[in-house]
Amino acid sequence: MTLTITAFESAPDRGRGLARDMRVRWALEEVGQPYEVRLLSFAQMKEPAHCALHPFGQIPTYEEGDLVLFESGAIILHIAEQHPGLLPEDADARARAIGWMFAALNTVEPPIVELGMCFLFERDKPWFVERRAGLETGVRKRLNELSRRLGDHDWLDGGFSAGDLLMVTVLRRLDRIGIVPEYPNLAAYVARGEARPAYQRAFNEQLAVFEASQASN
Ligand code: GTB
C-alpha cells in the first residue's frame, strides 16, 4: 500500500532537517518502509484539501489507505506499532520507550521551541536579552536533567527506540543556538543518532527537496 507523508515544498530551515517531517522520514527509514512525499507550499497547507487532513493546516501528515494521521508523535507511534525496530517487545520496556516519546515532545521540546521562537521573532525587541537568558535557563535545566539520566549510556532506556528518535530530533533544534555542546554526553548522543544509516537517508532525502527548490528558483 502506498504511504504518503507531507513536507514543506521549500523548507524554511534550508535543508537542515529541523522541520517535523524529518522525524517521520527517519522513523520510516528505520523500519524500512518505502514512502512518498507530497510537497506543499505555505499557501497549499492552508487550503481546504490539506486542512481536511490536518486541522491546523500544518505538516507532517501521514496517509496509509483510509488512515489519515497528523501530529508527528502520533505518526511515529503508529509506525513503531506497525513495524518492528522502534519499540521493544517487552511490555514494560515498550511502555517506558513510549514514555520517552512523550518526554521528548511534552517536556523537552516546548522550552526549546520557545527559545527558538524568541530568536526568530523577538531579536529586535527591547526585552530580548533578558527573555533569552530566562528561556536559556529553562532549556539548560531540562538538558541538565536529561544529561544526568542518560549518563554514559548510548540510548535513554536500553536499545535505540522511538523515544531516542524523537529526543534526538528535538535536541537538534538547538543546532544553531548551541547549549547541547555544554553537555558532552548529549552531544555524543545526538551524533550517535545522526550517524545511523536510516537518519542519513532521511536527512539526504529532505535536503534533496530543499536543493531542488533552490535550483528551480
Ligand atoms: N505538534 C505538531 C507535530 O508534531 O506534528 C506540530 C507541527 C508543526 O509545527 N508543523 C510545522 C508547520 O507546519 C512545521 S515543523 N508550520 C507551518 C504552519 O504552522 O503554518 C516546525 C518547524 C518549522 C520550521 C523550522 N525551521 O525552519 O527550522 C523548524 C521546525
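This is a predicted model: local features need pLDDT of at least 70, side-chain atom pairs count only at pLDDT 80 or more; totals for chains, interfaces and linings use all residues.
**View 1. Salt bridge between arginine 16 and aspartate 175.** The two side chains meet with an N to O distance of 2.8 Å. Arginine 16 sits in the loop between strand E1 (3-8) and helix H1 (21-31), and aspartate 175 in the loop between helix H7 (162-172) and helix H8 (184-195), so the contact ties together parts that are 159 residues apart in sequence. Arginine 16 is partly exposed, at 21% relative accessibility. Aspartate 175 is also partly exposed, at 39%.

**View 2. Salt bridge between arginine 173 and glutamate 109.** Here the N to O distance is 3.5 Å. Arginine 173 belongs to the loop between H7 and H8 and glutamate 109 to helix H5 (residues 91-121), so this pair links parts that are 64 residues apart in sequence. With a relative accessible area of 5%, glutamate 109 is buried, whereas arginine 173 is partly exposed at 25%.

**View 3. Salt bridge between arginine 131 and glutamate 114.** The side chains meet at 3.4 Å, N to O. Arginine 131 is in helix H6 (residues 128-150) and glutamate 114 in helix H5, so the pair ties together parts that are 17 residues apart in sequence. Both residues are partly exposed: arginine 131 at 30% relative accessibility and glutamate 114 at 39%.

**View 4. Network of Arg20, Arg23, Glu109 and Arg173.** Salt bridges with shared partners join these four residues into one network.

Notes: Residues are numbered from 1 along each chain as its sequence is written. Side-chain values use heavy atoms; hydrogens and water are left out. Helices (H or I, at least four residues) and strands (E, at least two) are DSSP runs, numbered from the N terminus. Buried means under 20% relative accessible area, exposed over 50%, partly exposed in between (1.4 Å probe, protein chains only).
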